Amino acid sequence: MTAPRNILIDTDVGGDIDDALALALALNSPEVNVVGVTTNYLANAWRTDLTRELLAVYGRSDIEVAMGAEKPLLGWWDDNHTPPEKPISRGADGRLLPCACDYIVEKAETVEDLTIVAIGPMTSVGLAFAKAPHIAKRVKVVLMGGQTNKAFPEWNIQCDPEAAAIVFDSGAPITMVGLDVTTRCTFTQEDIARIKAADNPRTRHLSGMMDAFLEKFRFLPVLHDPLALSALIWDDLMTFEDKRIRVETTGKYTRGVTMDDSWGHTEKNARVAVAVKAEEFKERLLGRLLGGWNREENQ
């Protein structure tokens with residue numbers, strides 16, 4: 001069996017349910033080894049607490065969680081979101097953890113063959129590449145963000161276009177999974193019912209998070225983040241094309257748009273998902289969420 005890929009997940013878990021589903025998929029998949037999780041964007045203590053709660057349910061309280069950037073590098077910010085004081089982030093052993101930016105740099109320098117799975121705004125990852133550009137030669141990046149079939153800014157990129165531009169320009173090998181494919185993958189009420197029917201501690205926890213999401217947002221979960229993560233687990237579900245992606249940072253109406261700038265350029269900077277076997281992906285995802293995988297029992 002091939003050794004699992006070492007991954008660090010950077011997430012804005014706590015809003016949309018897809019971040020939690022991606023974390024659950026990673027923890028249920030022997031193909032990847034989660035070496036750490038960083039929370040990002042409005043990364044107050046509650047995002048860290050949500051992550052730790054989920055890790056505990058999956059028996060992985062050993063995985064460190066570090067808090068990242070509260071606000072974007074530039075652009076509009078609602079000061080009401082700013083916490084009154086710095087939240088304290090401690091690891092399972094009680095020691096203080098560095099900020100997510102420093103944590104990402106540390107893991108990039110010490111963990112072999114690391115892949116950063118960026119499933120939120122890119123602020124902390126962008127800061128890490130800005131602080132330590134040399135890590136681009138040591139890591140790969142899989143990100144959920146952007147799209148190329150419309151001049152429409154996707155959330156993760158729009159929240160911090162400057163940070164996203166740093167990531168795309170870093171020179172690191174990038175796999176981009178954007179709205180071109182993720183919007184084709186959606187849970188139905190029947191899928192949610194299947195998860196609830198499994199009725200074990202893991203699925204009960206996910207069901208509770210999904211109920212809260214449905215009550216707040218009133219639409220069915222779109223599987224953005226688990227699809228991005230699946231690029232590291234199954235290599236037959238998506239079709240990719242090499243492209244030269246640029247992030248618009250100054251446009252009056254197009255700030256945050258990811259533009260395919262491939263024409264006339266031989267150098268590409270991203271492997272971009274352009275097609276997906278949506279139903280096959282969803283069934284495999286459900287299989288992992290329902291069936292689970294116990295790391296300790298399989299060591």
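Contact is taken here to mean heavy atoms within 4.5 Å. The structure is a predicted model, in which local features need pLDDT of at least 70 and side-chain atom pairs count only at pLDDT 80 or more, while totals for chains, interfaces and linings use all residues. Residues are numbered from 1 along each chain as its sequence is written, and side-chain values use heavy atoms, with hydrogens and water left out.

Under that definition of contact, and not counting residues up to four places away in sequence, Arg-47 touches Asp-12, Val-13, Gly-14, Gly-15, Thr-39, Asn-40, Tyr-41 and Leu-42. Arg-47 lies in helix H2, where helices (H or I, at least four residues) and strands (E, at least two) are DSSP runs numbered from the N terminus. With a relative accessibility of 6%, Arg-47 counts as buried; the term buried stands for under 20% relative accessible area, exposed for over 50%, and partly exposed for values in between (1.4 Å probe, protein chains only). Arg-47 and Val-65 are separated by 18 residues in sequence and by 9.8 Å in space, C-alpha to C-alpha.

Tyr-41, one of the residues touched by Arg-47, is itself buried at 10% relative accessibility. Aromatic pairs were assigned to rings of Phe, Tyr and Trp (its six-membered ring) whose centres lie within 6.5 Å, with planes under 30 degrees apart counted as stacked, over 60 as edge-to-face and the rest as tilted. By this rule there are four aromatic pairs. Among them, Tyr-41 and Trp-155 are edge-to-face, with 6.3 Å from centre to centre and 85° between the planes. Because Tyr-41 lies in the loop between strand E2 (32–39) and helix H2 (45–57), and Trp-155 in helix H5 (residues 155–158), the pair ties together parts that are 114 residues apart in sequence.

The rings of Phe-213 and Phe-217 have centres 5.2 Å apart and planes at 35°, so this pair is tilted. Both residues belong to helix H9 (residues 201–217), and because they are four residues apart they are separated by about one helical turn. Phe-213 is buried, with a relative accessible area of 3%, whereas Phe-217 is partly exposed at 31%. Together with Phe-219, Phe-213 and Phe-217 form one aromatic cluster.

Two packed helices are described by the angle between their axes and the distance between the axes. Helix H8 (residues 189–198) and helix H11 (residues 278–291) pack at an angle of about 15°, with their axes 10 Å apart; axes are lines fitted to C-alpha atoms, for helices over the stretch in contact, and angles run from 0 to 180 degrees between N-to-C directions. H8 is therefore roughly parallel to H11, a term for angles under 35 degrees, as against roughly antiparallel over 145, roughly perpendicular from 65 to 115 and oblique for the rest. The contact is made by Asp-191, Arg-194, Ile-195 and Ala-198 of H8 and by Lys-282, Glu-283, Leu-286, Leu-289 and Leu-290 of H11.

Helix H6 (residues 161–168) is largely enclosed by the rest of the structure, because seven of its eight residues are buried. These buried residues are Pro-161, Glu-162, Ala-163, Ala-164, Ala-165, Val-167 and Phe-168, and what covers them includes helix H4 (123–131), strand E5 (139–144), H5, strand E6 (174–177), strand E8 (245–247) and strand E10 (270–276).
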